[in-house]
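Biologist: I would like to learn how to read a model like this one. Where do we start?

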Amino acid sequence: MGRITLEKVQKKFGETEVIPPLDLTIEDGEFVVFVGPSGCGKSTLLRLIAGLEDVSSGEIRIDGTPATDLPPAKRGLAMVFQSYALYPHMTVRKNIAFPMKMAGMDQAEQDRRIKKAADALNLTDYLDRRPGQLSGGQRQRVAIGRAIVREPAAFLFDEPLSNLDAALRVGMRLEISELHSRLETTMIYVTHDQVEAMTMADKIVVLRAGNIEQVGSPLELYREPRNVFVAGFIGSPKMNLMSGPAADAHGAHTIGIRPEHLDVVESGGTFSGKVGVSEHLGSDTFFHVHVDAMEEPMTVRAGGEVGLRHGDMIHLEPQADKIHRFDEKGLRIA
Amino acid sequence: MATQHSRSAARLMMAPAVFVLLVWMLVPLGMTLWFSFRQYLPLRGGDLGFAGWDNYVRFVTSSSFWPSIYSTLIIVGGVLVITIFFGILLAMLLDQPMFGQGIVRILVIAPFFVMPTVSALVWKNMFMDPTNGLLAHLWRFFGADPVVWLSDVPLFSIVLIVSWQWLPFATLILLTAIQSLDSDQLEAAEMDGAPHLQRFWYIILPHLSRAITIVLLIQTIFLLSIFAEIFVTTGGAFGTRTLTYLIFQRVLESQNIGLGSAGGVYAIILANIVAIFLMRIVGKNLDT
């Protein structure tokens, strides 16, 4: 079980309020991702849940019992750190056994759980090595192993993949998702990478300056961003946001159109401009189009084999039902 | 950088330093070896020719030899235990954020800058003097008879003085080591359910093992040759004669350079035995 509720949780460092009072419920078995730009308080929020930081006011409940004043070890949560935080002088086996040893578990049970975790994480051959002799991905797996053996109520991940190279990151992303569907334990995952958030989460919590901007499933956030910030943050490449006459035409202060919702047309079209940089990914091509009277170039997704070159004229027509409209305060107009 | 030309230039430029170092070491070593085989009594006829192994035999068969080895080991061992134990405690204390951290750290390091002769004199006259010393006053304040430190517990007194001098060194090295500990590891251990003492034992102490090794090695090398502290306080009396001090007495008080040089060669051998011993024990710590 791992249902975590935050009620009016607030965090201040001295006079500065890092997290204004905030409510959040994480259901049992959910994979929740906290995402936001750096410095938005997502790691602090995770550390508050873990108990590594004290809450300034408010209450945290884990499975209904108040946990606000419990020390980290008593909360039944396991954490995977960005730096892995493995104990360098211990072998992989001892690293994984450490939480069980601290809990005074008997040796046979310890061995059984180590074996199970090692099998699940492909670490069997490395049990007698030290962390220093392992690759980044293997260290990451040891850190996860150390978390699994405690059979925690919830796993907390603090940007666990940011130290890995791109290829490994994709692999580990799948492994963690796989692990979640196998264990069905609550997981809270902090990242600044919206791709990780979109691909892994059951529920995404978008944070900015300690405030929750929106909570929802990846597709809800993609389809109906509640405000301009979420609209710009979720989706890759970024949504094209524009104000001025183009927005006025739709009766909004700002409108947003995702690159994949702009069609390239032969002539006419709402927007016309010159092709700037084009990024060829094989399956897709992203054109940065310089439209007159617009400061930022627009990003357009086209097919992989579109033969447009730098400086060519291009005409664009947005798909009418995919235009997002926002008012002066940046809130979505339904 | 590593062209043939730059390598030979590097050799040429290092040559003077290497040459000076070699001369600095080899000449005194050669002279010691040479004198150790001579019958050399400056006030009683000067250099009286070869003595064979006589000096070596006389030095070890003397009744003061084994006691001097014993006092040497007690002083070195005692100081090592005290400085490392309190060094770890002080380092952990100084690592805590506190008001006036910079000044406190400088104060802690201060004893290391006091010359051995001066610190020994200060301890002898201001603290350990049985009538006027601060410690005597403290004892009397509690109604006890003052301890006559330097004659009743002479070895302990010297260990105390030398420990006071070397504690800052140990603290400094251990403090930098503690500061380099990744705080994530401590937090991970905290989440894994390790209370304070266990965190110290399983995380901090292993992390410090390399620094402790370094403190151990460097201090042993310097402590084997302490001299001023003994000269100033007890003058080698009351069983505080270390090997170094015995050699000094043989050369200057007995005016027997040959015998003293033989003792010097024994000291070199002892220092090397200790060094090899320590390297063996702790060598594997330095590897990883």
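Modeller: We start with a term. A crossing of two helices is right-handed if the near helix is turned clockwise from the far one by less than a right angle, and left-handed if it is turned anticlockwise. Keep in mind that this is a predicted model.

Biologist: In which hand does α5(B) pass α8(B)?

Modeller: The crossing of α5(B) over α8(B) is right-handed.

Biologist: What else describes such a pair?

Modeller: Two packed helices are described by the angle between their axes and by the distance between those axes. In chain B, helix α5 (residues 116-127) packs on helix α8 (residues 154-179) at an angle of about 130°, and their axes are 10 Å apart. That angle makes α5(B) oblique to α8(B).

Biologist: Which residues of α5(B) and α8(B) meet?

Modeller: From α5(B) come Pro116(B), Ser119(B), Ala120(B) and Trp123(B), and they meet Ile161(B), Trp164(B) and Gln165(B) of α8(B). Sorted by class, the contact of α5(B) with α8(B) has 5 nonpolar residues, 2 polar ones and no charged ones.

Biologist: Which residues make the contact between α2(A) and α4(A)?

Modeller: On α2(A) they are Val92(A), Asn95(A), Ile96(A), Phe98(A) and Pro99(A), and on α4(A) they are Val142(A), Gly145(A) and Arg146(A). The classes in the contact of α2(A) with α4(A) are 5 nonpolar, 2 polar and 1 charged.

Biologist: Now the chain as a whole. How many helices and strands are there in chain B?

Modeller: Chain B has 13 helices and 2 strands. Its radius of gyration is 24 Å, well over the 19 Å that the globule rule gives for 288 residues, so chain B is more spread out than a compact globule. Along the principal axes, the C-alpha atoms of chain B fill a box of roughly 75 × 75 × 30 Å.

Biologist: How should I use a database record next to the model?

Modeller: Take the stretch the record names, then look at the structure there. For chain B, the unreviewed UniProt entry lists residues 12-37, 69-94, 106-123, 155-178 and 260-282 as "transmembrane region". In the model, residues 69-94 of chain B are 100% helix, with end C-alpha atoms 36 Å apart. Residues 155-178 of chain B are also 100% helix, and there the end C-alpha atoms are 32 Å apart.

Biologist: Which residues of chain A does the UniProt annotation "domain: ABC transporter" cover?

Modeller: That annotation, from an unreviewed entry, covers residues 4-234 of chain A. Over this stretch chain A is 36% helix and 26% strand, and the end C-alpha atoms are 25 Å apart. For chain B, UniProt lists "domain: ABC transmembrane type-1" at residues 69-278, again in an unreviewed entry. Those residues of chain B are 77% helix and 0% strand.

Technical notes:
Residues numbered from 1 in each chain as written. Chains lettered and ligands numbered in written order. Predicted model: local features only at pLDDT ≥ 70, side-chain atom pairs only at ≥ 80, totals over all residues. Axes fitted to C-alpha atoms, helices over the stretch in contact; angles between N-to-C directions. Helix = DSSP H or I, 4+ residues; strand = E, 2+ residues; numbered from the N terminus. Parallel < 35°, antiparallel > 145°, perpendicular 65-115°, else oblique. Contact = placed C-beta atoms within 7 Å. Nonpolar A, V, L, I, M, F, W, Y, C, P; charged D, E, K, R; others polar. UniProt positions renumbered as here; feature names shortened; annotations may be inferred. Rg over C-alpha atoms; globule rule 2.2 N^0.38 Å.
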